[in-house]
Amino acid sequence: MSATALIGLQWGDEGKGKMVDILAAEAELVVRCQGGSNAGHTVEVAGERTVLHLVPSGILSPTARCLIGHGVVLDAEQLLKEIDALEARGVATAGRLLVSDRAHLVFSYHRELDRAQESRRDEKIGTTGKGIGPCYEDKVARCGVRVGDLDRPEALERRIAQALETKRSRFEALGHEPPRLEEVLASARDLARRLAPMTVDGVTVVHEAMERGERIFLEGAQGSLLDIDLGTYPFVTSSNANVGGLLSGSGLPAQALTRVIGVCKAYATRVGSGPFPTELEDETGARLRERGNEFGSTTGRPRRCGWFDGPAMRFAVRVNGVTDIALTKVDVLSGFERIRFARAYETAAGERHEALPSMVDDFEGLRPVYEDFPGWEGELGGVRRYEDLPAELRRYVEAVEDYCGARVRWIGVGKGREHIVDRGEG
Ligand code: GDP
Ligand code: IMO
Ligand code: MG
């Protein structure tokens, strides 16, 4: 048994898509396990950029099969658009892309509720508006509709009717017309035809792959600091983006995991609201945004940018049992005279803390305590060996591993699939 989980260690957009694409060359099955079309995973091959929201990032690797696991909330309309775009570019998905029958479906009323609720919130979360929160709410409230319901006409009608009934009063309170059963049913029946050939019992697919000795790769979405339990609540997403969520969302047993790869940028970004102690609302932040092209892959929003947050990273490494770090976008830092690394936080009263606060209010007035590193110059896109990276950058990489307690195995030096330094097994 040999399974790998790959997760984001920050607030998402760490470069997971690119890493999965690279590592999928060594996998037979790639599984998305949680989240939904709020994710935007970018893969760049030979200058061509593909942004995947639901399809696992292993799809561009010709050997891997891809499964959308049951922990995902599936916007089937979005999935079909993505499939059509891939097919139009000659990427075959038939027989290679599977969807778990246990996955919950996102309907238009989830998206509508998401946007309506967000617009009424005093303290905005900055959700992606993709219906993620409302769909997970239905799942937990046990009034969700699942992919496997689509080919059972009677159950489908009953479940959708029940789901709409539970929402009527909420829509009315928001001053919105409640969704109409006939319309939702018609669209569900339409989707059913196209989803049927790819619908499977995902747990069986995972376990049969294990029995055949296949290498399985779990692709996390979002990041540990957006995790519903471990993140900066309430400024989080609605799923478990940590390694536990990948196990429960795929049905892979914990003993099968031999490696947990944590992806983090060499600096930090966040889209949406919530605490971000190392945020730079100045020219340096703007320079990071411009050099790193930090604009959301899903919503196009400018990402907030800042320095590497050590305490937050160490927290994410610990809770996930990260065995290897992939440190991405070091090329973006080239040319900065001074690179800052937060080793602790200081409260307004001057107390020093090395732990990430558990309560959002405790971030108030918290300032990072920085260690400064000398910067480096030069274009790194052509570097493939660790020894060939500038000495100042190697010092920075070693500070990340010392502080976080996990080895940095991969270093991202550009957007493309080839732009990677692999230090090999330690
Ligand atoms: P994900 O959500 O974690 O998959 O990350 P996104 O795709 O949303 O955002 C990461 C962005 O950084 C994408 O535009 C990638 O093409 C880009 N990227 C990934 N790794 C690197 C890297 O090492 N260097 C540079 N310059 N860009 C990178
Ligand atoms: P990937 O997989 C970055 C953020 C949203 C918002 C919060 C809640 O590409 O890293 P939601 O729509 O999930 O209810 O929004 O979570 N968010 C992400 N930020 N990358 C993502 O995914 C994200 N998915 C959700 O911006 O702050
Ligand atoms: Mg993203």
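Which of the 18 residues around ligand 1 come nearest?

1. **Ligand 1 surroundings.** This is a predicted model. Of the 18 residues around ligand 1, those that come nearest are Lys-16, Gly-17, Thr-42, Ser-297 and Asp-331.

2. **Polar contacts of ligand 1.** A backbone N or O atom of Gly-15 sits 2.8 Å from an oxygen atom of ligand 1. For Gly-40, a polar backbone atom is 2.8 Å from an oxygen atom of ligand 1. On its own, ligand 1 has 590 Å² of accessible area, and the protein covers 95% of it.

3. **Magnesium site.** The protein donors of the magnesium ion (ligand 3) are Asp-13, through OD, and Gly-40, through O. Asp-13 is in the loop between β1 (2-8) and α1 (16-23), and Gly-40 is in the loop between β2 (29-32) and β3 (41-45), so the pair ties together parts 27 residues apart in sequence.

4. Asp-13 has 22% relative accessibility and counts as partly exposed. Gly-40 has 9% and counts as buried, because the cut-off is under 20%.

5. **Strand β2.** Both faces of β2 are covered. Leu-29 and Val-31 are buried on one side, Val-30 and Arg-32 on the other.

6. **Neighbours of β2.** β2 pairs in the parallel sense with β5 (residues 65-68) over four bridges. β2 also pairs in the parallel sense with β10 (residues 215-219), over four bridges. Val-31 has Leu-67 as its bridge partner in β5, and Val-31 stands opposite Leu-218 in β10.

Methods: Residues are numbered from 1 along each chain as its sequence is written. Chains are lettered from A and ligands numbered from 1 in the order in which they are written. This is a predicted model: local features need pLDDT of at least 70, side-chain atom pairs count only at pLDDT 80 or more; totals for chains, interfaces and linings use all residues. Side-chain values use heavy atoms; hydrogens and water are left out. Donors are N, O and S atoms within 2.8 Å of the metal (3.2 Å for Na, K and Ca); water is not among the atoms, so sites may look incomplete. Helices (H or I, at least four residues) and strands (E, at least two) are DSSP runs, numbered from the N terminus. Buried means under 20% relative accessible area, exposed over 50%, partly exposed in between (1.4 Å probe, protein chains only). Two strands pair if DSSP finds at least two bridges between them. A residue is near a molecule or strand if one of its heavy atoms lies within 4 Å of it. A polar contact is a pair of N or O atoms within 3.5 Å; within protein, one must be able to donate a hydrogen and the other to accept it, and residues adjacent in sequence count only if both atoms are side-chain atoms. Accessible areas come from the Shrake-Rupley method with a 1.4 Å probe; for residues, only the protein chains shown count as cover.
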